Every structure is written in C-alpha cells, then in structure tokens.
Amino acid sequence: PCIHVKTLADSREEMLAAVQQVDLVVLTSPQAVRTFFLLAPSSQVPVATVGRGTAAALPPGVQSVFTPSLATGASLAAELPTHLGPRVLYPTSVLAGSTLVAGLHRRGFQVVRVNTYKPEPVVVPEEV
C-alpha cells in the first residue's frame, strides 16, 4: 500500500518548547529525523538514533551521540547511557508503540513524547 506522511503542524510549538528543556533527542526512524529537523531546523540538542539507517538520515554536520547494538526501541531503551539524560525528547509517529518510553522511564529517564507525524494511506484512483 502507498502511504503519505503528514507532518502534524500543531505539534511544532509543543516540540519547540520541549527541545529547550531536554538533554537529548531520540530519533527512531529516517522519517522521525526528517520531521524533527523540518520542525526544529536549528536545534543544537544532541541526538541518539535507533540504528545506522536512522543515523544516515541525519542532516550534514549532525552526528548521533549513541546508537545501540541492535536497531530496536527496546535495545535503545536498555543501552542508552544515563549520562546523556535524564531529560529526553522523543519526536515520533502517532502510531509508535510505548516500548522505548516505558524502557527509558524504568531506567529513570524523563521522556517527553511528541507525536510529530502520521502515516496516512494514499488513495490511488482506479484509472491510474
């Protein structure tokens, strides 16, 4: 199926406020990278990524300060060094599960989740 990714414009203010108060931004997909830097292009907050594919999507000049041994939210939650927190911003899809947030909370991190985008199906006309 074809999908279109809709940026949730109303999340911009919430995210911009949160990014001023966190120690780290956690990005878990190339789409999360694109959306985060679209909404907060001048952010100077360090970022951690879930895997190499997500790290490769970072804009020029931005490097991931941490990537876990396995590219999963559970691994990221279990392995994220505590000195990178404790305040973490997690900009993500409205469809993302709670594994990462729950795992980070168990380890003492304070996580602000902001739903910044939403995948939507694309309806293709039959005549195409």
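I looked for aromatic pairs in this predicted model, and the count came to one. The pair is formed by Phe36 and Phe37, whose rings are arranged edge-to-face, with 4.9 Å from centre to centre and 85° between the planes.

Next I turned to helix H2, which spans 30–39, and noted its buried residues, namely Gln31, Ala32, Val33, Thr35, Phe36, Phe37 and Leu39. Because seven of the 10 residues of H2 are buried, I wrote the helix down as largely enclosed by the rest of the structure.

I went on to the largest nonpolar core, which has 18 residues, and recorded that Met15, Val25, Leu27, Phe36, Phe37 and Leu89 are those with the most contacts inside it. The elements giving two or more residues to this core are helix H1 (11–19), strand S2 (24–27), helix H2 (30–39) and strand S6 (110–121). H2 supplies the largest share of this core, five residues.

Which residues does Met15 touch, once its neighbours within four places in sequence are left aside? I listed Phe36, Leu39, Ala40, Leu89, Pro91, Val114 and Thr116 as its contacts.

My last entry concerns another core, which lies apart from the largest one and has 16 residues, including Leu24, Phe66, Leu104 and Phe109.

Note on methods. Residues are numbered from 1 along each chain as its sequence is written. This is a predicted model: local features need pLDDT of at least 70, side-chain atom pairs count only at pLDDT 80 or more; totals for chains, interfaces and linings use all residues. Side-chain values use heavy atoms; hydrogens and water are left out. A nonpolar core is a set of buried Ala, Val, Leu, Ile, Met, Phe, Trp, Tyr and Cys residues joined through side-chain atoms within 4.5 Å. Buried means under 20% relative accessible area, exposed over 50%, partly exposed in between (1.4 Å probe, protein chains only). Helices (H or I, at least four residues) and strands (E, at least two) are DSSP runs, numbered from the N terminus. Contact means heavy atoms within 4.5 Å. Rings of Phe, Tyr and Trp (its six-membered ring) pair if their centres lie within 6.5 Å; planes under 30 degrees apart count as stacked, over 60 as edge-to-face and the rest as tilted.
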